Structures are given as structure tokens and as C-alpha cells.
Amino acid sequence: MTWHLCGTESVQEGSKGANSWPGKWFTGNVKACKGAPGETEGLLSYSGTKFVGMENHCSIKKITRRGAGFDLLLRCAAEGEEYDYKEYIEMSDGKLSRTTLLDGKRQTYLYSRCP
């Protein structure tokens, strides 16, 4: 699947280049990769036009390149609630850096790609 970004770029799912953020990612123990997305703590999945985190399912509504990474606008559902959500993701040295706002404070998390 190809994602078309705002502008002229696109990101190919399964690609291995600098923009290869689609796929499964973990933080902590690599054993999380054997778990199911949405049910396993420490496991994230970006596939197609979806993002799945722990008990959190989102549609990716907009992808915009910013600097070395991407701003994602997401429409999420969790615990019976729907909400809009923004995050910034960036690839560096094979790791995924994910920056979100939590209670008005910027939080950055680092993930490794599942084998």
C-alpha cells in the first residue's frame, strides 16, 4: 500500500528506506512483537491507513512531512470514546521516535522495529 503525503512524496508500506515507519514496533522487551496489536503493552503497529497501540485504534487522516519526520493526524477510538489525536514520528538509526502531547506536556518515546 502507498500512502500519499501532503505534497509530492509517498511512503510505501514495507519499504526499508528512511521513511519506512509502517510496520510493527516495540519498546521494552522484543517478546512484545509476538503479541497482538492493540492487546500487547509496548507494541505499536502502523499499517495501511491505521495505527494501533495498546487498547487504542486509530485511522490516519493526514500525513504531513515536517523536518526529518512526519506529523500524523489521527482519529482514534479507545474505551468507547472517539477523539482526534496528533503525533510526530521520525526515523533515526533504525529507531522510531514518537512524540505526543500528554496532559499538555510533550513526551517522546523510542521504539525498535519488530524482527
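How many aromatic pairs does the count come to? In this predicted model, the count comes to four aromatic pairs.

**Trp21 and Tyr46**
- The ring centres of Trp21 and Tyr46 are 5.6 Å apart and their planes stand at 85°, so this pair is edge-to-face, the class that applies to angles over 60 degrees.
- Because Trp21 sits in the loop between strand E2 (10–12) and E3 while Tyr46 belongs to strand E4, the pair ties together parts that are 25 residues apart in sequence.
- Trp21 and Tyr46 are both buried.

**Trp21 and Phe70**
- Trp21 also forms an aromatic pair with Phe70, and this one is tilted, with 5.8 Å from centre to centre and 50° between the planes.
- Phe70 lies in strand E7 (residues 69–78) and Trp21 in the loop between E2 and E3, so this pair ties together parts that are 49 residues apart in sequence.
- Trp21 counts as buried because its relative accessibility is 1%, and Phe70, with a relative accessible area of 2%, is buried as well.

**Val30**
- Val30 is found in the loop between strand E3 (23–26) and strand E4 (43–47), and because its relative accessibility is 40%, Val30 counts as partly exposed.
- Although Val30 and Pro115 are 85 residues apart along the chain, their C-alpha atoms are separated by 8.4 Å.

Key:
Residues numbered from 1 in each chain as written. Predicted model: local features only at pLDDT ≥ 70, side-chain atom pairs only at ≥ 80, totals over all residues. Heavy atoms only, no water. Helix = DSSP H or I, 4+ residues; strand = E, 2+ residues; numbered from the N terminus. Buried < 20%, exposed > 50% of the residue type's maximum accessible area, 1.4 Å probe, protein only. Phe/Tyr/Trp six-rings, centres within 6.5 Å; stacked < 30°, edge-to-face > 60°.
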